[in-house]
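Good morning, and thank you for coming. Please look at the sequence and the structure as I bring them up.

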Amino acid sequence: MTREIMYRDALREAIDEEMAANPLVFIIGEGIAERGGSYKVTEGLLTKYGAKRVRDTPIAEAGMIGVGVGAAIAGARPIVEILYVDFAMLGMDMLVNQAAKFRLMTGGNGRVPFIMRTQGGTGGGVAAQHSQSLEALFYHIPGLKVVMPSQPADAKGLLKFALRQEDPVIFLEHKHLYMTKGPVPEGEYVIEFGKADIKRPGKDVTLIAWSNMVPRALEAAAKLAEEGIEVEVIDPRTLVPLDKEAILASVAKTNRVVIVQEAVRRGGVASDIASIIQEEAFYSLDAPIEIVAGLNIPIPFNLELEKASVPQVPDIMSAVRRTLHLQPRAIAAQ
Amino acid sequence: MARPILMPQVGQDLTEGKLVTLKVKVGDKVKKGDIVAEVESEKATFDVESFETGTILEIRHKEGDTATVLQPLMLVGDEGEKLVLPATETVAAATPASASMNVSVAGSSGVSLPAAPGAGRSSPLARRLASEAGLDIRQIPGTGPGGAVVMKDVESYRHTAPGEARVLNFPSATSSAAGGAQGIKSLQPGEGDPVLFIHGFGADLSSWRPFVLLMNVKNPLLALDLPGHGISQAATASSFDGIVSHVRSQLEAAGLTRLHLIGHSLGAAVATELAGGGTLDVRSLTLMSPAGLGPKVNGDFVEGFLSARTEAPLRAWLDVLVHDAAKLPGALLRATLAGRDGTSLAAQQARIAGAVFAGSTQLFSIRHALQRYEGPVRMIVGMNDHIIPPDNTVALPAHVAVHRLPQVGHLPQLEAAPLVARLASENVRSAG
């Protein structure tokens with residue numbers, strides 16, 4: 001049985017269920033206790049689990065992340081909620097130099113089951129310091145796992161799995177997705193890391209997207225279906241570990257790839273996935289791999305410019321058509 | 001100059017077969033008629049003969065490989081001869097073993113290897129598919145960005161459907177046992193009015209495959225199977241007119257109204273009847289050893305050919321088809337037997353034979369149709385035809401050009417292939 005619930009409710013269910021099951025799980029963040037969190041993910045948890053396990057913090061991200069990493073090393077299972085991924089930059093030393101390295105440097109004796117939940121992406125004109133998609137920074141660091149759910153069911157299953165494994169997890173939500181609804185199974189389930197999900201099967205082009213680009217990819221796929229183009233939409237769900245096999249299997253079938261990321265193009269995860277595909281599936285490719293990504297700019301405040309700075313549905317559709325050689329790569333000047 | 005030994009056509013319209021045994025290695029000397037390899041189809045094993053004398057310069061496949069029919073298995077040339085490799089390597093850089101795949105070979109014509117022109121653009125997948133199929137990527141017309149060769153170009157070059165779909169719209173779903181477009185295949189994509197090949201009694205459309213490689217026209221090349229033959233073997237007809245109307249409905253189902261026709265023997269008769277029948281816009285008509293011009297046909301051949309169930313008698317009758325028995329490909333024998341094995345093919349063909357021949361008499365005439373046809377028409381007959389006597393071709397309408405080939409039997413398209421292809425191509429081109 002499934003029911004339709006919101007992404008934020010699915011996240012809350014995951015935290016609630018795991019807090020109930022494991023007394024070592026606790027959560028800290030700005031305004032998450034009495035206020036229930038800016039996106040209402042933690043609403044009601046304070047009453048249920050008390051102020052020791054659901055705790056408000058000052059606006060001090062470096063401190064919060066440091067507390068979380070330390071608590072994890074000491075054996076607890078902390079969730080640190082950072083209001084915007086942009087502010088996680090204040091805690092980068094704890095993430096990159098401490099959390100990511102501890103397991104290796106202790107010969108595997110020390111583990112850091114730390115979860116940083118935060119959100120990124122554009123939406124609503126919150127400008128350059130509140131709109132970034134920074135997954136590539138964490139993707140780049142060996143030792144961190146990077147999770148980017150696009151749908152409520154994935155969000156719940158992946159967060160529950162995160163709370164049961166032993167390594168630091170960067171759990172990246174999207175501000176646009178909290179209010180989106182989707183079917184979520186009743187009862188207990190987890191979704192393992194490293195398992196991509198085919199959000200829509202197709203045979204003509206493989207479209208890889210994550211987080212808020214998944215709904216856009218699905219919309220593009222639905223429109224392209226009207227043109228007779230069958231797009232396969234693959235959501236890796238976790239960027240680290242990445243389900244390479246699922247991607248390569250799809251490419252072997254379609255011979256064409258479009259990768260969509262909201263993050264800026266330069267140094268992005270899409271480029272890395274493209275490099276894996278060209279290396280391992282070169283002789284399956286019938287067209288250049290297309291990347292549809294954000295422009296290499298800080299996100300503008302103006303809503304129209306914000307929209308223009310990240311991939312939209314028509315951009316994705318054009319890229320798909322290009323891989324099918326149905327549309328020229330560039331439009332010549334009149 | 002090096003010449004290829006081709007993977008034979010191992011069965012009814014099969015596109016590939018397995019290389020079972022190699023009997024030679026690079027550097028071996030072979031002479032014409034030597035058996036150089038053994039290949040198998042789903043049903044039978046075939047010897048591959050060398051049609052050249054010389055030294056094996058290169059072998060393209062190893063034992064156990066699957067090879068595409070009518071593509072080179074190996075190259076024969078003069079001892080010490082250097083194979084010309086293209087200046088720009090594409091796929092080959094990563095896999096030196098496949099470098100030789102880029103050697104340009106011009107089909108089965110025995111044409112020598114040309115120096116490589118500059119390689120055009122192509123997708124990695126297209127290069128891999130072409131390489132696996134033993135095709136030279138540079139021979140394949142590209143439709144991708146900037147003329148790049150992409151997957152569908154290789155496929156339409158190799159097979160049929162995608163290429164012909166560009167030229168012709170085949171409503172295949174609507175075709176049925178009553179006719180339909182089922183029996184029509186594209187042998188080579190192209191531009192302009194399609195050229196349709198119609199085979200003779202007992203053959204099938206795949207018999208044209210070696211010949212079409214020699215054609216020098218830009219048009220798409222199609223072929224069909226007559227009722228009781230090839231993929232139309234389940235269909236039947238009770239008279240010559242029945243065969244013609246079956247073909248007519250196949251053409252209608254395929255939306256083919258304007259085309260060139262090239263036929264052999266019974267197929268030439270069908271082509272003539274279609275051309276003179278007025279409903280189709282037939283641009284040109286090329287007839288090889290046509291039936292229907294006189295009463296006589298070699299009834300013993302028809303009966304013997306149909307009743308042969310083993311190699312020796314079939315070989316004896318097939319030898320009658322040609323002037324020089326050495327020119328009959330060994331594969332034809334095994335392919336014919338393999339095609340009959342476990343099928344009702346021979347019985348179906350006996351039924352067709354009964355509809356058009358009575359013993360040694362042809363029950364139909366195409367002379368009226370030939371008279372009515374106003375387009376360019378060329379007839380090519382072998383002076384040593386023992387199936388349909390060449391003296392049937394006297395007293396033809398004055399607009400019919402006749403080429404009488406000495407020392408050629410009933411299969412001029414096999415025995416004098418380059419000349420016949422030249423004449424046929426000229427006739428097609430003459431119609432614009």
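Ser123(B) lies in the loop that connects strand E8 (72-77) to helix H1 (124-132) of chain B. Please keep in mind that this is a predicted model. Is Ser123(B) buried or exposed? Its relative accessible area is 6%, and the cut-off for buried is under 20%, so Ser123(B) counts as buried. Its side chain forms a polar contact of 2.5 Å with the side chain of Asp286(A). The side chain of Ser123(B) also reaches the backbone nitrogen of Ala126(B), at 3.0 Å. Leaving aside residues up to four places away in sequence, Ser123(B) touches Leu285(A), Asp286(A) and Ala287(A), together with Val149(B), Val150(B) and Met151(B).

Let me turn to chain A. How many of the 11 residues of helix H7 (residues 152-162) of chain A are buried? The number is 10, so this helix is largely enclosed by the rest of the structure. Among the buried residues of H7(A) are Asp154(A), Lys156(A) and Lys160(A), as well as Leu158(A) and Leu159(A).

I now come to helix packing. Two packed helices are described by the angle between their axes and the distance between the axes. In chain B, the axes of helix H5 (residues 240-253) and helix H6 (residues 266-276) come within 10 Å and cross at roughly 70°. H5(B) is therefore roughly perpendicular to H6(B). Their crossing is right-handed. The contact between H5(B) and H6(B) involves 9 nonpolar residues, no polar ones and 2 charged ones. On the H5(B) side, the contact residues include Phe240(B), Ile243(B) and Arg248(B), and on the H6(B) side they include Leu266(B), Val270(B) and Glu273(B).

The other pair in chain B is helix H7 (residues 299-307) with helix H8 (residues 311-321), whose axes come within 9 Å and cross at roughly 145°. H7(B) passes H8(B) in a left-handed crossing. Which residues of H7(B) meet H8(B)? They are Asp300(B), Phe301(B), Gly304(B) and Phe305(B), and they meet Leu314(B), Trp317(B), Leu318(B), Val320(B) and Leu321(B).

Thank you for your attention.

Methods. Residues are numbered from 1 along each chain as its sequence is written. Chains are lettered from A and ligands numbered from 1 in the order in which they are written. This is a predicted model: local features need pLDDT of at least 70, side-chain atom pairs count only at pLDDT 80 or more; totals for chains, interfaces and linings use all residues. Side-chain values use heavy atoms; hydrogens and water are left out. Axes are lines fitted to C-alpha atoms, for helices over the stretch in contact, and angles run from 0 to 180 degrees between N-to-C directions. Helices (H or I, at least four residues) and strands (E, at least two) are DSSP runs, numbered from the N terminus. Angles under 35 degrees count as roughly parallel, over 145 as roughly antiparallel, 65 to 115 as roughly perpendicular and the rest as oblique. A crossing is left-handed if the near helix is turned anticlockwise from the far one by less than a right angle, and right-handed if clockwise. Contact means heavy atoms within 4.5 Å. Ala, Val, Leu, Ile, Met, Phe, Trp, Tyr, Cys and Pro count as nonpolar, Asp, Glu, Lys and Arg as charged, and the others, Gly among them, as polar. Buried means under 20% relative accessible area, exposed over 50%, partly exposed in between (1.4 Å probe, protein chains only). A polar contact is a pair of N or O atoms within 3.5 Å; within protein, one must be able to donate a hydrogen and the other to accept it, and residues adjacent in sequence count only if both atoms are side-chain atoms.
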